[in-house]
Structures are given as C-alpha cells and as structure tokens.
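Try each task before reading its solution.

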Amino acid sequence: MMKIKGAIFDLDGTILDSVWVWRKVDIDFLGKYGFEVPADYSDKIMAMGFHQVAEYTIERFGLSKTAEEVMAEWNQMAMDMYATQVKLRPGTKELLQFLKEKGISAGVATSNCALLYEPCLRNNGIYEYFHSFTETGEVARGKDFPDIYIRAAGKLGCRPEECIVFEDIIPALQSAHKGGFITVGVREKLWQHEDMLFVESCDYSIDEIHDAIPLINEME
C-alpha cells in the first residue's frame with residue numbers, strides 16, 4: 001500500500017460529539033415557524049453544504065427568508081453550544097497526536113463554518129493539529145461528490161490515494177471512495193445507518209476514532 005501522507009477529517013459526528021446540537025437547532029428553528037422536524041429531513045440534508053441546506057429548508061417549508069438569513073439564525077442558535085458544550089469524541093486528541101508523530105498532515109473537510117468550529121477546536125485543544133480547513137462553501141457541490149476532499153487533499157499537498165478520509169455518513173464515504181481516497185467510516189450512534197450498508201460504503205469501519213491508530217499502523 002502507498003504511504004499515507006494526509007488525513008482528512010469531517011467534524012460533526014466524526015471527531016466532534018455535536019450531532020445533538022443540530023438536532024436541537026432543527027427542532028427549535030422549525031418549531032419557531034410552526035413546523036415539526038419531518039422524519040426524512042436529516043437524511044435529505046445529510047450530505048448537503050450549509051448553504052444548500054438553507055435553500056432546501058426555505059423551499060420545503062415555504063419560508064420568507066434568504067439563505068443568508070437562515071444560516072445566520074442557525075449559527076446564532078448553535079454558537080454558544082459549540083463554544084462551551086461540544087466535546088471531542090473519545091480518542092480524538094490521541095489520534096491527532098499519533099498522526100503528528102508519524103508526519104501525517106491532518107486537514108478538515110466540513111459543512112460547518114469557522115465561526116462555530118474554530119472556537120470549539122481551540123476550546124478542546126486540537127486546533128493547532130490541523131494544517132488546513134476546507135468548507136463545502138469553497139466548492140460547487142456537497143459531500144455527495146468528492147470535490148471537497150480533492151480540494152482538502154490539495155491543501156495538504158497530497159494525492160487522493162495518499163489520503164485517508166474519516167467520515168460518519170454514507171453518502172460522504174461513498175463519494176470520497178469514488179474520488180480515490182482511502183475511506184474510514186466512524187460510527188455515530190445518532191445516525192440510523194444500516195450496518196451492512198455502512199460497512200460496504202467504506203474501506204474500513206470503526207466504532208471510535210482512536211480505533212484508527214492500529215489501522216494506520218497496519219498500513220505502514
């Protein structure tokens with residue numbers, strides 16, 4: 001196997017225990033306008049970029065708002081939770097330290113925005129481990145296409161086949177795999193993924209992020 005030179009991390013649900021934040025934002029935001037969260041809403045928006053989710057939500061619920069207004073409202077609702085309450089998934093710092101010692105560059109590929117994730121990563125003591133940050137707003141399509149991972153790999157100076165992508169959702173794992181990346185699925189209990197489909201959607205699947213350490217050692 002080719003030597004691993006880069007690792008690209010999704011944030012929410014993969015290294016941050018933060019899926020609950022967006023569940024709460026969905027409930028509170030839609031409730032404010034008289035709607036309950038539809039059963040299929042999370043699945044529909046799962047692989048979308050932040051702006052795409054706002055546009056989809058406006059259209060689906062007939063809201064008289066711009067995407068920018070909706071995103072600003074969501075960010076305001078989530079800001080305090082990210083800054084003070086969101087914690088790391090177990091073993092995250094351990095894995096990032098391991099990668100640093102191995103000389104493997106770490107980057108982020110996220111649908112989130114720096115306004116939220118930067119204070120969170122700094123508060124949890126891991127911001128400095130990352131060489132670069134890439135947001136879905138930088139590319140034309142969401143995580144159901146490999147664009148964001150290709151851009152993130154470029155920032156790390158790596159080819160796709162030299163990079164591991166860590167993700168917690170099936171469409172993202174599938175698109176990263178199609179883009180030529182080594183994919184590691186990290187199970188997030190709040191997503192109701194069918195286990196066999198999850199396993200088939202990635203090269204490797206793990207329960208906790210630190211389980212990647214022996215995995216990477218085996219690739220050496």
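On a 1 Å grid over the protein atoms alone, a cavity is a set of points where a 1.4 Å probe fits but cannot get out, while a pocket is an open set with protein on both sides within 12 Å along at least five of seven lines; a lining residue has an atom within 4 Å of a point. Points are joined across faces, edges and corners, and a volume is the space filled by probe spheres set on them. The model is predicted, so local features need pLDDT of at least 70 and side-chain atom pairs pLDDT 80 or more, whereas totals for chains, interfaces and linings use all residues. Residues are numbered from 1 along each chain as its sequence is written, and side-chain values use heavy atoms, without hydrogens and water.

**Exercise 1.** Describe the largest cavity and its lining.

Step 1. The volume of the largest cavity is about 500 Å³.

Step 2. Its lining has 23 residues, and Asp12, Trp22, Ile45, Met46 and Ser111 lie nearest the centre.

Step 3. Helices are DSSP runs (H or I, at least four residues), numbered from the N terminus. The largest share of this lining, four residues, comes from α1.

Step 4. Sorted by class, the lining has 11 nonpolar, five polar and seven charged residues.

Definitions and conventions:
Helices (H or I, at least four residues) and strands (E, at least two) are DSSP runs, numbered from the N terminus. Ala, Val, Leu, Ile, Met, Phe, Trp, Tyr, Cys and Pro count as nonpolar, Asp, Glu, Lys and Arg as charged, and the others, Gly among them, as polar.
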